[in-house]
Structure formats: structure tokens, C-alpha cells
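The stops below can be selected one after another.

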Amino acid sequence: MATNAIHSTPVKTPNQKSNSSSISRRPQSNAMDSSNPSSTSEFRSRFEAYNRLQAAAVAFGEKLPIPEIVALGGQSDGKSSLLEALLGFRFNVREVEMGTRRPLILQMVHDPSASDPRCRFQEEDSEEYGSPIVSATTVADIIKHRTEAHLKKTRTAVSPKPIVMRAEYAHCPNLTIIDTPGFVLKAKKGEPETTPDEILSMVKSLASPPHRILLFLQQSSVEWCSSLWLDAIRDIDPTFKRTIIVVSKFDNRLKEFSDRWEVDRYLSASGYLGDNTHPFFVALPKDRGTVSNDEFRRQISQVDVEVLRHLRESVNGGFNEDKFGPFIGFGCLRTYLESELQKRYKEATPTTLALLEQRCGEVTTELTHLESKLQATSDVAYLRRSAMEHAASICRHVGALIDGAADPAPEQWGKTTAEEQLESGVGSWPGVTADVKPPNSTLKLYGGAAFERVIHEFRCATYSIECPTVSREKVANILLAHAGRGGGGGLTEAAAEIARAAARSWLSPLLDTACDRLAFVLINLFDLSVERTHSHDLNCMDLDARKCGDMAGYIGFRASLRRSYNHFIHDLGKKCKQLIRHHLDSVTSPYSQVCYENDFLGGLGPGATSMYKFNQSPASSFFLELSDGAMGQDETTGEDQENIPPKGQQQQTTPGKGTETKDALRESQLTVPETPSPDQPSDAIYGAKKKDNGNCGEIAGRKRQARISASSRNADNLRPQNGSLVFSNGGTGSRSGSAYSEICFSAAQHFARIREVLIERSVLSTLNAGFLTPCRDRLVVELSLDLFAVNDEKFMDMFVAPSAIDILQNECQSLRKRQKILHSCLTEFKNIARVL
């Protein structure tokens with residue numbers, strides 16, 4: 001918007017004829033005094049309009065492309081003296097280091113009736129000006145006090161917030177200049193070391209807008225090739241199209257010139273500034289003693305006369321006065337600055353008028369919305385309707401994100417697996433030593449995609465756990481207890497009990513971790529849903545519908561909505577933990593047939609095989625790898641599956657499955673020794689697996705024979721030695737060679753069986769049904785009951801907090817004030833446009 005404020009760049013060369021004639025008429029009077037009265041009046045009204053607009057912009061933080069002159073340069077390069085010369089009076093600015101820490105906007109108003117200068121300061125955060133100040137010392141004190149107070153409040157060394165001073169005087173031009181802090185190489189004692197960089201950054205920010213004219217000062221004693229700050233100006237304005245360069249303290253250089261060619265070469269500076277850039281050369285009185293304002297202005301004019309006299313009389317051949325005369329002396333610079341600003345004001349008037357109309361409309365709309373919000377604080381029905389609409393929108397977007405969405409951008413809002421683990425606080429999978437990295441772990445995902453990735457990561461982590469090693473003491477405690485009770489299935493029962501205990505101990509923490517991770521994924525959807533709702537409201541063409549769901553300003557309600565949503569997700573997590581714990585308890589119960597399912601299936605005939613083969617696909621069967629690392633894994637196979645082992649290694653997808661399981665099944669089909677018990681029924685034989693596919697009657701017909709065989713083998717295996725039962729190292733019909741090896745081997749297979757049945761049959765479906773289905777079907781109902789099924793008094797507590805109404809009223813009052821000022825400026829600029 002600011003770039004359209006100036007349609008053309010003014011030429012830096014003033015009219016040579018008019019300026020040459022003005023040199024001989026010093027002391028220089030105000031450029032507009034001798035011109036057409038109507039033109040002077042027109043410029044003055046335009047200047048006043050821009051001054052009021054500038055004051056409003058400073059007070060309300062408006063970004064308006066008002067043509068302004070920004071004075072910049074190094075410290076002690078003469079900016080303060082130049083500003084005093086433009087004002088026509090001194091106020092000891094150097095003693096308070098004016099502008100070194102806060103910008104100062106000087107609004108100079110030519111008022112023929114003001115024989116003495118009248119200075120007024122704009123109040124902080126207001127467009128109002130204070131009472132007139134006449135004393136120059138008081139002006140300096142106010143600048144110093146305001147600078148120190150503001151820096152103390154903000155706890156900074158410099159601040160871009162300007163001080164605005166309006167100076168009305170009969171001997172100053174109609175000119176507005178922003179004085180900036182001077183560039184320094186080293187921080188002052190007691191200030192942060194970063195102060196020079198902060199000043200440079202702030203000045204660049206003030207000078208960067210293209211509607212501002214740069215007035216750059218540099219001492220004449222500094223050569224162009226060694227200028228410290230010229231490069232900084234080039235960074236802002238590379239071609240110097242909007243830069244006016246002023247060589248200050250020019251009288252210090254005059255004594256070095258003896259011939260004309262030396263003067264002309266120095267004045268041209270074409271080798272460093274370019275042929276189209278002509279600097280001004282200015283000298284001002286050096287005497288800082290206390291003098292009257294009239295004497296001060298007389299000294300300024302006298303210095304201009306002496307500089308010209310020296311160039312004409314003390315230099316052999318003089319100098320090229322036709323070419324460089326319009327650029328020598330303070331009077332020429334003052335005339336050029338005023339004419340340049342007048343031209344900029346006139347060029348920018350149409351753009352300023354259009355911008356004011358736009359801003360007035362925007363402020364009016366904002367004020368109307370704020371007034372309706374203030375009125376709504378007492379309208380419970382309106383708030384309920386708007387709040388319900390907003391909550392329903394959040395719930396709809398949560399469902400959309402679960403079903404799959406690409407908006408908002410996953411690159412910004414999604415998370416990788418590592419980020420999820422870190423931010424959730426859950427960490428890695430307990431008991432898993434392997435580095436579990438599911439496919440797409442490096443991609444930033446959210447919603448349903450992130451949920452499925454955690455599910456798959458959980459499966460990989462679970463299948464990476466082997467049945468832990470069991471000590472001989474544990475095996476002995478279980479096996480010998482069965483033998484002592486006359487148990488009939490010692491080895492099988494011992495292996496099953498060990499597997500059940502291991503499953504409860506190792507799988508339970510994994511199940512809890514999975515629920516916590518999935519809950520974290522769903523909790524993150526709230527912020528994404530708010531973003532989607534906001535984007536939808538911005539694109540909504542129906543203003544009434546947009547207002548109905550707009551809850552942006554009601555922090556209390558939004559916090560309550562977030563709390564209710566988080567409570568709902570945490571509650572789902574607790575219920576899911578209870579459900580999968582129930583499944584774990586069921587599958588590890590002593591009455592569960594999971595450990596012996598193969599025995600029963602073995603006697604049910606060929607059809608049992610098909611019943612047994614459920615979900616035997618690897619943990620990654622249908623999970624596509626979409627990250628960059630996926631290339632090369634399946635190039636030779638042409639498949640989309642992951643975790644396919646390299647050639648030459650065991651073809652096992654996850655621990656506890658594959659070839660080992662097949663060998664274990666063949667191993668476990670041996671008849672297991674058992675100790676017959678007279679208390680058991682005659683048909684209770686455990687651990688006997690048959691390869692024949694007979695039916696249940698055939699199994700019953702062989703019971704007696706199996707029991708006799710088992711008794712004899714058990715007696716050999718558990719024979720007395722020195723009066724006690726011990727583990728035999730002799731053969732028991734098992735390839736392992738001992739009861740301990742047989743039990744450990746069988747326990748590992750039972751553990752794998754329990755794990756597979758638990759994960760494939762129960763947990764995965766429970767997690768999906770326990771988390772996703774309620775989020776789709778019950779979320780809006782649960783949130784509505786929690787937030788809206790309350791009486792009006794409790795409902796309004798979410799909206800009208802203490803002092804909230806006062807804040808809204810203050811905002812409305814401030815907007816009304818801004819609206820009034822902007823409309824007043826708009827009316828002025830419309831009148832100016834009619835004159836043009």
C-alpha cells in the first residue's frame with residue numbers, strides 16, 4: 001500500500017536559474033512568502049492536513065504513506081545544528097543529545113503571527129497536543145524526560161516510538177522532518193554492547209518506506225571513499241533516487257582549495273555518488289554562545305555569504321557557479337527541502353485520499369463489530385447461539401482431520417515421530433531396546449495419518465519384544481508345584497504360566513504408551529481445527545454466518561472449550577486403557593485356551609487350519625512407506641510392504657513370528673511328560689499334540705494310552721535323587737534335552753501366541769473404536785453437554801470476566817476517536833482534491 005503513495009521520483013536538481021538569483025538576495029526569506037498568495041494558501045492548507053494526519057497516525061499506530069523527510073547520519077555530523085537552523089531558533093538540543101535514543105518528528109509551521117516560537121508536544125498515545133512552550137530550555141528538558149521515561153518503561157536502550165513536536169514560528173518553513181538517532185560505532189558507557197546495531201536497524205526501518213525522503217548528513221572532512229555510513233544509505237536507497245546528501249561543516253574544507261579544478265572536482269563527487277546525484281554543501285555558525293533568535297538567523301545568512309565570497313575570491317578562477325551554485329549554502333537547501341516536500345504532498349494527495357476512504361471504512365466496520373460484541377455481553381441467547389455454532393464447527397473439522405486433510409499445511413502443523421515422542425512427554429516404548437522407526441517417521445503428519453502411524457509403530461514395538469529369559473528357580477517353582485499336586489500337565493502348564501506372566505509384565509506398559517501417544521495426536525487436532533475454522537470464517541461470504549461463529553475475542557469461552565475437548569480425549573484414553581487391559585487379562589487368564597488353541601485345532605480336522613490363519617500378515621503388510629527413505633526397499637520385489645529382510649537373512653518380519661514359530665509348533669507336537677493325578681478326570685490329559693486329523697471321539701479313544709506313556713516318561717524325568725526332585729539332563733523326548741529347555745522353548749511360543757492374539761484380534765480394533773469412533777460420533781454431543789447444559793449465570797462466566805466490559809468499552813471509545821479523526825482528515829483531503 002505504501003509503495004503506491006509516490007508515483008514518480010523527483011529530480012534532485014533544483015531550478016538553477018531561480019536558485020542562482022536567490023543566492024544574491026540573502027538573507028533568504030521563506031520560499032513561499034514571495035510567491036503567489038493563492039499557491040501559498042493552498043500549500044499551507046495541504047501542509048496542515050498532512051500534519052494532522054501524521055499526528056493521528058503516530059497516536060493510533062496507523063501505517064499511512066505520508067511524505068516525510070528523514071534526517072540521518074553519524075553522531076556529531078551536524079543534524080542537530082541543521083534542525084535548529086531550519087527552525088530559526090536554538091533550544092540546546094546537543095546538550096540533551098536529542099534524537100540519539102528516540103526519533104523526533106519536527107512539524108515546522110510557518111505562522112507569520114508568531115513572532116516568538118511556540119512549541120507544543122503531542123501527548124504520548126494521543127493525537128492531542130499540550131500547551132505551548134516558549135522557553136528553549138523547557139523544550140530540551142521535555143525531550144530528555146520523555147526519552148528517559150519511555151526507555152525505562154520499555155527497558156531498552158533505544159526505541160522507534162517517536163516524540164512529536166509542533167513548532168509554530170514566523171521564521172521557519174512549512175516542513176516536517178523526522179530526526180533519527182545518530183549512527184555510532186561503540187555503545188556509550190553503561191549501555192548494552194548491541195546499541196550501535198539496534199540504532200542502525202531502527203534507522204533503516206524508519207528510512208525504508210519508499211514515501212520518505214532521506215536527508216543524509218556527512219562532515220566535509222570525511223572523504224567519500226572512506227565514508228562510514230554511505231554504504232548503510234546505499235542499502236536503503238541503492239541509486240540515491242530519494243536521497244538528499246548534505247555535506248555539513250563545509251567551511252572546514254574551504255582552506256584546502258586553491259584552484260578552480262580542485263573545487264569543481266570536489267563539488268561534483270561524481271566518482272562516488274553518480275552523475276545524477278548532487279550533494280548540498282552547508283556551513284552553519286560555530287558559536288554556541290547564547291544569542292537572540294534574530295542574531296542566530298543573521299549569523300546563518302552571514303556564513304552563507306562568507307562561503308560564497310571565499311569560493312569566488314580566494315580560489316584561483318573561482319568555481320562553476322552555474323552548475324554548483326544552487327547547491328551551496330543553507331538557504332538553498334532550505335528552499336529545496338520545502339519545495340520538494342510541497343511537490344510530494346501534491347503528488348500523494350490522490351493516493352492519500354483513497355487510502356483514507358479505505359481506512360475509514362475499515363475502522364467503521366471494526367467499530368460496528370466491537371459495538372455488537374459489547375451489546376452481546378448482555379444477550380445470552382446470542383452468545384449461546386454463537387458459541388454452539390463455533391463448537392460445532394470445531395467438531396466438524398476434527399472429524400475432517402481424522403478422515404484425512406491437507407489443510408492446514410502439514411509442513412507447518414504436522415509432527416514427525418520424534419517430535420511426537422518429545423512433545424507428548426511419553427518418550428520411547430518401555431522395554432523396547434530396538435530403535436523403532438515406522439515408515440514415514442520423518443514426515444510431518446497429523447490427524448488420521450498420524451494416528452495410523454502410531455498404531456503401526458505400536459505393532460512394530462510389540463513384535464520386537466521376545467519372551468524374556470526365565471530363571472531355573474522360576475521354572476522349578478512352577479513345575480515342581482504341579483508335580484507335588486499331582487498335576488497332569490506339568491511342562492505345558494509351567495510354560496503357559498511363564499508366558500502369561502511375561503505378557504502381563506511386558507505388554508501392559510506398551511498398551512498404556514500406545515493410548516497416551518494416540519491421545520496426544522488427537523489433542524493436537526484442536527489447534528488445527530481452530531485454524532481451519534478461522535480460515536473458513538475469513539472465506540465465508542455470509543457476514544451473518546461469520547459473525548455467528550466468531551468467538552475470537554472471548555478468551556474465557558475458548559479456554560473452556562479447549563479444556564472440555566482435552567477432558568474428552570483424556571477420558572477416551574482412560575477407557576481405552578481399561579478395555580485393552582481387560583483384553584490382556586482375558587488372554588493371559590489361566591482359563592484362556594490361547595496357549596492350547598493349537599492342540600484343540602489339531603483335533604478338529606483340516607478345516608481348523610483355515611480357522612487358525614487370521615491376520616498372519618506382517619506388522620507392516622498394508623502400511624505404505626511415503627518418506628524419502630522408502631526408495632530402494634521394494635525396487636526388486638515390486639511390493640509395497642515394509643520390513644522385508646535382506647537376502648540371506650532369516651525371513652522373519654517381526655520377532656516371535658515366521659520360521660521360528662513353525663519350528664516351535666513342530667517341536668511342541670511331542671508328547672509332554674505329565675504327572676497323573678487321581679483327583680483329575682480320566683480324560684484330562686494336557687500337553688499331548690497329535691498330527692492326525694481325527695475328531696474329538698478319536699482323541700478321547702487314545703486318552704488312556706497317552707496317559708500311560710506320559711506317566712512312564714514323567715517318572716524317568718522326575719526321578720528321586722537323594723530324596724528330592726531335580727531337573728534331569730537326560731532326554732525327555734524333546735530335542736532340547738531337559739525339562740528346563742523344553743519349558744523355556746514352549747513358553748516363548750506361548751508368549752508369541754498370546755501377543756499375536758492380543759494385538760491382532762483385540763487391541764487394534766479396540767483402539768480404533770475407542771478413539772476415532774467417539775470423536776466422529778459423540779464429540780459434539782459431549783462438548784455441548786459440558787459447556788451449554790448449564791444455567792445462564794454459569795454460562796456467562798465464560799464470557800464476562802471481571803473488567804472485560806470495561807476493556808471492550810475502552811476499545812470502542814478509542815475506535816470512535818480514531819474514526820472521528822480519520823473522517824476529519826478525509827474531509828480536509830477531499831477539499832484539497834477539489835482545489836487541485
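**A tour of the charged pairs**

Begin by selecting Glu-295 and Arg-298, which form a salt bridge with their closest N and O atoms 2.8 Å apart. The term salt bridge is used here for a side-chain nitrogen of Lys or Arg within 4 Å of a carboxyl oxygen of Asp or Glu. Before going on, note that this is a predicted model, in which local features need pLDDT of at least 70 and side-chain atom pairs count only at pLDDT 80 or more, while totals for chains, interfaces and linings use all residues. Residues are numbered from 1 along each chain as its sequence is written, and side-chain values use heavy atoms, with hydrogens and water left out.

Colour helix α9 (residues 293-313): Glu-295 and Arg-298 both lie in it, three residues apart, about one turn of the helix. Helices are DSSP runs of H or I with at least four residues, numbered from the N terminus. Glu-295 is partly exposed at 25% relative accessibility, and Arg-298 is partly exposed too, at 45%. The classes are buried for under 20% relative accessible area, exposed for over 50%, and partly exposed in between, computed with a 1.4 Å probe on protein chains only.

Next, select Asp-264 and Arg-260. Their salt bridge has its closest N and O atoms 3.3 Å apart. Both residues belong to helix α7 (residues 260-268) and sit four residues apart, about one turn of the helix. Is Asp-264 buried or exposed? Asp-264 is buried, with a relative accessible area of 17%, whereas Arg-260 is partly exposed at 35%.

Now move to Lys-204 and Asp-235, whose side chains meet in a salt bridge of 3.4 Å, N to O. Lys-204 lies in helix α5 (residues 195-207) and Asp-235 in helix α6 (residues 230-236), so this pair ties together parts that are 31 residues apart in sequence. Lys-204 is partly exposed, with a relative accessible area of 25%; Asp-235, at 56%, counts as exposed.

How many salt bridges does a search of the whole structure find? The search finds 36.

The last stop is Glu-756, in helix α26 (residues 739-777). Glu-756 is buried, with a relative accessible area of 8%.

Methods. Helix = DSSP H or I, 4+ residues; strand = E, 2+ residues; numbered from the N terminus.
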